[in-house]
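The following note sets out several points for a colleague examining this entry.

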Amino acid sequence: MRPPEADHPPAVRLSGITKRYGGLVANDQVSLHVERGEILGLLGENGAGKSTLMRVLYGLTTPDAGSIEVDGHPVRMSSPAAARRAGIGMVTQHFSLVGPMTVAENVTLGATPRWIDRRALESSVRQAAERVGLPVDPTRRIDDLGVGERQRVEILKALVNDCRVLILDEPTAVLTPVEVVGLFATIRRLTEAGLAVVIISHKLHEIRALCDRVAVLHRGRLVGTSSLSDVDDDELVALMVGGHHSTVPTERTEPPTEQPAAEPAPGKRLAHPERSDTALAVAAVVVEAPGSGGRRVLDRVTIAVGRGEIVGVAGVSGNGQTELVEVLCGMRRVASGSVHVGATNVTNASPAQVIAAGLGRLAEDRHGAIVPELSVAHNLVLERLGQFRRGWRLDETAITRHAERMIEQFAIRAEPHTRLGTLSGGNMQKVLLARMLSGDPVGLVVAQPTRGLDLHATAYIRAQLVAARQRGAGILLVSEDLDELLSVADRLVVLSEGRIAGELAAAQATAETVGAIMAGAA
Amino acid sequence: MSFALDVAAATLRLGTPLALGASGEVICERAGVLNLGIEGTMYAGAFFGFLAAYETGSVWWGVPVGVAVGVAAGWLLSWFVVTLGVSQHTAGLGLTLGLIGVCDFVNRLVVSKNSSALAKIRPFGQWDPFGWGGVFQQYWLTYVTFLVLVPMVAVLMRRTSFGLAVTAVGENPEAADVAGIDVARVRRRALLLGGGLMGLAGAFITLFQVGSFTLDIVNGRGWVCLALVIFGRWRPWPAVLGGVLFAAVTALQFRLRILSGWSGVPFELLLALPFLVTILALAVSGRGARYPGAYLKPYRRH
């Protein structure tokens with residue numbers, strides 16, 4: 001169908017792209033090409049390096065190594081402006097539109113003539129919109145548009161600029177199913193005219209419905225490229241969640257075998273969640289998006305976490321995970337349903353009450369949970385200042401002693417009086433872990449605990465979670481890293497569009513079964 | 001009748017530095033930078049404009065020097081808040097305090113020395129291009145401000161790609177960056193331009209209105225401009241009209257003070273009147289004001 005490679009150099013060729021952030025390798029020697037008129041799907045889990053790779057191509061990120069060719073000519077993508085000149089257009093995941101400006105102004109932003117004739121600008125944008133089949137009213141303000149319309153503006157913005165390679169970063173994440181159909185039709189029509197398209201997604205069925213070829217990234221490496229007719233979904237899921245060149249130890253971290261009789265425990269707990277003493281429970285919880293007129297971001301979600309159990313919450317982010325964590329932490333009100341920590345009803349309680357009831361939290365955004373200007377010692381006691389007081393003053397001696405104990409126990413590489421802001425991500429996370437566990441909590445809510453951490457810190461944190469379970473804590477673990485869930489959780493719950501799409505014992509769960517629920521329901 | 005004409009003429013005169021300062025601040029803030037250096041920049045424009053006129057003996061030299069000093073102040077602020085990403089509050093207030101200190105110091109060294117006599121220059125006289133008298137009896141810079149500079153700023157913001165880029169970097173610098181706009185450069189240029197207008201505003205006070213330099217000569221007019229920008233919702237003309245309103249109340253209270261019927265009213269109260277009106281106007285119009293999206297935020301690509 002496509003002209004053979006020999007005639008045409010590919011529209012874009014990436015060679016050996018490598019990008020490191022500290023110790024984390026976001027892209028490791030990735031080489032990839034896209035032909036003219038081709039739709040390439042870039043598949044992978046969150047954090048696999050898809051967005052980084054495309055940001056490199058669009059000049060938003062400077063790679064540590066590697067080169068880029070456009071139509072056979074080497075190009076240095078030093079800035080988005082350079083990328084646009086080279087004919088690359090990108091629609092970022094979070095839209096880059098200026099809200100108070102009109103559609104026409106946004107579309108021509110960065111390429112506007114020195115003097116602006118609004119009438120002429122609007123009519124030229126209207127014409128361009130009709131030419132590519134993306135009807136939008138150029139006189140309207142972005143703030144007044146819905147997400148689907150905003151996305152059309154974004155695509156139009158990329159296309160008017162003589163774009164030959166269009167990058168779409170998770171374009172369907174914000175769209176309704178009808179809008180997705182329309183988007184796909186548009187993309188197909190555009191490629192018929194020779195446009196090359198790279199589409200980032202982690203939804204298998206979309207890639208299959210749209211793309212000619214697929215490239216799979218796993219932990220920064222390209223683990224396979226294939227024509228879509230040559231692979232089946234199972235192989236793709238296996239590549240996505242397992243990778244061929246996986247370097248993280250993925251063997252299950254089994255609890256120490258001091259109680260061999262309890263070995264089939266995960267399965268039993270699934271059958272009788274209320275049998276064991278419950279550590280955390282949400283029952284029929286409904287949360288409505290503020291100002292949405294009752295759109296439910298959590299819809300009758302019921303999860304019970306027993307003591308000595310880790311329940312993993314899997315699913316594509318944005319399907320209610322954040323809200324679930326916030327509900328448990330007292331950060332978000334529920335419309336109906338109940339929340340319990342241990343035996344205490346904490347439905348719509350304040351964060352302080354939830355902590356007092358015995359909840360430990362490890363937040364998704366670790367920078368939001370610390371005070372970087374304060375010392376390690378002070379951050380460690382921030383949630384329990386009352387216990388470290390002598391009269392009206394802080395008991396600095398006790399605080400320092402406590403910090404020394406924690407530093408030793410959790411192998412934190414710092415002194416008690418080191419400013420927390422100077423620590424590495426891994427050590428920062430250990431401080432938060434120490435703070436959470438030192439209160440001897442009944443239940444733990446842990447969100448994305450190892451995101452962005454190196455292998456060593458990752459392994460350590462997972463081991464600590466398992467150890468906390470052994471001491472009898474119930475843990476709700478929210479993670480986008482399926483390997484992580486499979487290696488530490490006893491039971492998995494899959495969230496999709498605010499509802500529980502599936503639930504299975506970890507013993508029965510494999511990357512394929514969970515991946516299928518995730519890909520199918522999302 | 002002559003009373004009203006007199007007040008109207010004084011209004012335009014007093015409104016000129018406010019119009020210039022507020023236009024300059026509009027450009028800065030639309031780019032996302034709160035320029036708290038405005039008071040000091042006006043002060044430096046007033047002093048160095050005066051100094052140039054005083055040393056050269058020609059008042060004409062004062063105008064370009066005042067503008068140049070304002071541009072330099074804008075550049076200094078841009079180095080702090082755009083290049084280094086320092087807090088805009090700290091940098092702006094520091095710039096104001098620093099510039100006022102430098103001006104007073106140089107004034108002491110070069111101009112006033114130890115003599116108690118006030119150094120004076122011959123200021124620009126008034127100009128009446130049409131020979132109609134009354135309201136048309138004005139300084140040439142007042143004409144230039146209201147008929148040339150403010151319209152130019154309005155056109156610049158509304159009808160040029162530079163104005164669009166300024167709005168974009170002030171509202172959503174990520175979007176501007178993705179669109180290939182150099183965020184730092186646009187912000188820096190906005191600060192240079194705004195600074196130039198503020199310097200000119202200061203120079204107007206010494207070179208036109210007063211003819212000498214005294215300590216505290218700007219007297220908070222820079223701060224008034226900050227309020228005018230919010231009052232005008234970050235649009236040049238409404239901000240300038242707010243300045244004219246403020247000037248009108250000021251001009252009115254000057255006249256009221258010498259009217260016999262008002263002798264019973266404490267003159268301090270009348271002095272405070274323009275500021276009271278400003279506060280009232282802000283309280284009414286400033287509610288629900290939509291600040292630029294990237295107000296006070298330094299931009300770093302990650």
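1. A polar contact is taken here as a pair of N or O atoms within 3.5 Å; within protein, one must be able to donate a hydrogen and the other to accept it, and residues adjacent in sequence count only if both atoms are side-chain atoms. The model is predicted. Across the interface of chain A and chain B, five residue pairs are in polar contact, both residues being at pLDDT 80 or more. By contrast, zero salt bridges are found across this interface.

2. The side of chain A that touches chain B is made up of 12 nonpolar, seven polar and five charged residues. In this contact, 24 residues come from chain A and 20 residues from chain B. The area buried between the two chains is about 1,900 Å², and carbon and sulfur atoms give 62% of that area. A:Leu109, A:Ile116 and A:Arg118 supply 25% of the area that chain A buries against chain B, more than any other three residues.

3. The largest nonpolar core contains 95 residues, and A:Leu159, A:Leu166, A:Ile187 and A:Val514 have the most contacts inside it. Helix α14 (residues 425–438) of chain A gives the most to this core, namely seven residues. A second, separate core has 82 residues, among them B:Ile27, B:Val59, B:Leu207 and B:Phe213.

4. Leaving aside residues up to four places away in sequence, A:Leu159 touches A:Val132, A:Leu134, A:Leu166, A:Leu190 and A:Leu195.

5. Over all chains, the whole structure holds 25 salt bridges. One of them joins A:Glu309 and A:Arg491, at 2.8 Å from N to O. A:Glu309 belongs to strand β13 (residues 309–314) of chain A and A:Arg491 to strand β21 (residues 491–496) of chain A, so the pair ties together parts that are 182 residues apart in sequence. A:Glu309 is buried at 2% relative accessibility, and A:Arg491 is also buried at 2%.

6. A:Arg361 and A:Glu383 form a salt bridge whose closest N and O atoms are 2.5 Å apart. Because A:Arg361 lies in strand β16 (residues 359–362) of chain A and A:Glu383 in the loop between α12 (376–380) and β17 (389–390) of chain A, the pair ties together parts that are 22 residues apart in sequence. A:Arg361 is partly exposed, at 24%, and A:Glu383 is partly exposed, at 29%.

7. A network of salt bridges links A:Arg296, A:Asp299, A:Arg300 and A:Arg499. Within it, the closest N and O atoms of A:Asp299 and A:Arg296 are 2.8 Å apart. A:Asp299 is buried, with a relative accessible area of 7%, whereas A:Arg296 is partly exposed at 38%.

Technical notes. Residues are numbered from 1 along each chain as its sequence is written. Chains are lettered from A and ligands numbered from 1 in the order in which they are written. This is a predicted model: local features need pLDDT of at least 70, side-chain atom pairs count only at pLDDT 80 or more; totals for chains, interfaces and linings use all residues. Side-chain values use heavy atoms; hydrogens and water are left out. A nonpolar core is a set of buried Ala, Val, Leu, Ile, Met, Phe, Trp, Tyr and Cys residues joined through side-chain atoms within 4.5 Å. Buried means under 20% relative accessible area, exposed over 50%, partly exposed in between (1.4 Å probe, protein chains only). Helices (H or I, at least four residues) and strands (E, at least two) are DSSP runs, numbered from the N terminus. Contact means heavy atoms within 4.5 Å. Buried area is the accessible area (1.4 Å probe) that two parts lose on being put together, summed over both. A salt bridge is a side-chain nitrogen of Lys or Arg within 4 Å of a carboxyl oxygen of Asp or Glu. Ala, Val, Leu, Ile, Met, Phe, Trp, Tyr, Cys and Pro count as nonpolar, Asp, Glu, Lys and Arg as charged, and the others, Gly among them, as polar.
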